[in-house]
Amino acid sequence: MNILLTDITTNSHYAVQSVSMLMVLVVIIVFIISGVLNRISILRIRKNTDRIKDLSTVLQQTLNLSGNSIVKLSMQDHMGYNMHGDFLPRDGMSYEDSLEYIHPNDRSNYTAFLKRLIDGELSAECTFRWDTSGNAHLGHWRYINDTGIAEFRNKNLKTSATIYCTLKDKTEQVIQEMTQNQLADKYRRVFEQSITGLAFYDKDGMLITANKKMQEILKFQSEDDPYYYERAVYDLPTFREILDNRHLEEMSFCRKSVVLERGVNCYVETRIHPIYDENDKLIYITLSIRDVTQERQLYLQIKENDENTRRTNEEIQQYETELQYVMEKCNMRFFRTSYKDRTCTFYKGMNAPEKQITFDELVEHFINRPFSKGQEGLEKYFKEPRTDLTQMHPFFHEGEDLQWNFIDSVPSYDENGKLEGTYGVVRNVNTLIEKQEQLKRETERANQSGLMKSTFMANMTHEIRTPLNAIVGFSDVLPMLTTPEEKQEIIRVIMNNCDMLMRLINDVLAVSELEGGSISIQPIETDFAKAFDDMCISLSQRVQTPGVEFIADNPYSTLVTTIDKERILQVLTNFVTNAVKYTQQGHIKVGYEYRETDGGGLYLYCEDTGAGIPKESQAKVFERFVKLNDYVQGTGLGLNISKAIAESCKGDIGVNSEGEGKGCTFWVWIPCKATISN
């Protein structure tokens, strides 16, 4: 047992050693195999690296040759960076800045392109215009084709983190395509809009295309009418006996074209032009057709007209003298009477009659009835050439108004010397007569104006001499006076005459301004209540007659308006000056008020208790040079000037008086807007 245990133990020990050695051997083998594999991997990696480097070099050279640029777009910071080429700046460009370099019309397309890639599309493509000037908005546009590939952050979320864009400049290609399209459109328009029918056939005579005019002439039933598209040109009725498909030559001919199946029946001018290649082989056939049916009809009509013209030459010769006479007149109508038909025909031109009336109707138009004896009187009246100015009822429009007409007439005889009628012109001279009457009135008015001006000059001489004599006389007396009171009185007289002389000069200047047109008005914003008080201080000094009180009526503390206060002062001064001349007892009252009628305006008045104005004279006191009392000093211009001022302000003026000895009130109304405080 012990020996057995010993053997077992010994055997177990050997077994353990064997196993241990086996394990060591396995580890060594594994290590050796691992080293070999690592070496193989390293060699393979080196080989793949070299291959990748070679591939990268090839790709780099390929990109350089292609001229394309590669840009990386980062979605985290919204920036774009160059990966190949220099499309963007060296430090990159933000998305917002890049939009400034894209043409405004292409921005929405470019934004949609990026959105598709961001939302999960693997690749997308778009074309946009890019400003390559280096400065936005200069407009140096290039067409860029952008092919984008998205790199996704998470395949499940399908949200791109980076977009790689390959940019290719397609400007030259786009421009070439645009040029080709424009050229094609140009030729297409020429082809379609030609006034001649055009068609192209292949070498076998089968129709390729035909323009609208060709379809119209040959009456196509549709754009691809099978009657014409499924038949060779050699089989069409018009060309069946003319064209030879064995050798076609260029030819032109004109003949009647009949296609019963399409209802074609017209005369056409046709031109056929075959196109051969360099080997003299037929390639295409061009056909042009022009419809000359109307031209042929016109030619036949011309021949017929020539015949008619020949027959009517003698008649035309007969009327040449008459037409020559009429052509020398203008803005009038010519007429022809026929004793045989008892008619009078009026012509406004040489082509067709405007109106025809009978002799009985003709007689009714004349007031003095020169044809009261019927045709006998008519023949007697027109047997010789004559010119009459007569007033008559109008020929060419309805109405009871009369008009003045000049009638020039010449008798007409037949080949036997018998009087057959008359011809001549009738001319409406109402305007001429009115001008003559107007000239007569203006001449009379000018004569009256000259007489009034002569009277005015005589008055002015007297009016100016009076204050000048007073000024000179009292100026000579002034040094001889000793007391201050006497000197003050003389100075007052001199000042009054100076003021009178100044008013006379101002009136003359105002009349001169009226002769050149209207009086100029220069409104400014004014507190009229304050201005009125200032006016009254000046006006009160004119009232120096004992027993006459000057009253100023100012109803407002403030009245702001836009008005020409100098012109208003001129009107009130003329009113007060007249009142002083004719008022010896009582008062002279000046006042105003704002009235809301007719849009609002100032109503100013001057009331006096003077001599008054008769009813029949009130309408003419505002006329120029009018004086109701020749013994009262003045030129007769003040009220006329006041009226002109009122009219220039688009206002109104007038006078109210109960008659002589009852005083009067002169007033003026000036339209304006105002702000009032009482």
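So, burial: of the 678 residues of the protein, 34% count as buried, where buried means under 20% relative accessible area, exposed means over 50%, and partly exposed is in between, with a 1.4 Å probe and protein chains only. Keep in mind that this is a predicted model, where local features need pLDDT of at least 70, side-chain atom pairs count only at pLDDT 80 or more, and totals for chains, interfaces and linings use all residues. Residues are numbered from 1 along each chain as its sequence is written, and side-chain values use heavy atoms, with hydrogens and water left out.

The accessible surface comes to about 43,200 Å², and that's from the Shrake-Rupley method with a 1.4 Å probe, where for residues only the protein chains shown count as cover. Carbon and sulfur atoms own 53% of that surface.

What about helices and strands? There are 14 helices and 25 strands; these are DSSP runs numbered from the N terminus, helices being H or I with at least four residues and strands E with at least two.

Ser288 sits in strand S11, residues 282-291, and it's buried because its relative accessible area is 17%. Leave aside neighbours within four places in sequence, and Ser288 is in contact with Thr196, Gly197, Leu198, Glu269, Thr270 and Arg271. Contact here means heavy atoms within 4.5 Å.

Then there's Ser409, over in strand S16, residues 403-413. Its relative accessible area is 3%, so Ser409 is buried too. Not counting residues up to four places away in sequence, Ser409 touches Phe335, Phe382, Pro385, Arg386, Tyr423 and Gly424.

By salt bridge I mean a side-chain nitrogen of Lys or Arg within 4 Å of a carboxyl oxygen of Asp or Glu. Arg386 is partly exposed at 30% relative accessible area, while Asp388 counts as buried at 17%.

How many salt bridges does the structure hold? It holds 15. Why do such pairs form at all? Side chains of opposite charge can pair when their charged atoms come close.

Another of these pairs is Arg142 and Asp169, at 3.2 Å, N to O. That one links distant parts of the chain: Arg142 is in strand S5 (residues 141-154) and Asp169 is in strand S6 (residues 159-169), 27 residues apart. Both are partly exposed, Arg142 at 26% and Asp169 at 40%.

Glu216 is exposed at 54%, whereas Lys213 is partly exposed at 25%.

Now two helices together. H12 (residues 528-540) and H13 (residues 565-582) pack at an angle of about 40 degrees, with axes 11 Å apart. Axes are lines fitted to C-alpha atoms, for helices over the stretch in contact, and angles run from 0 to 180 degrees between N-to-C directions. Who makes the contact? On the H12 side it's Phe528, Ala531, Phe532, Met535 and Leu539, and on the H13 side it's Lys565, Ile568, Leu569, Leu572, Thr573 and Val576.
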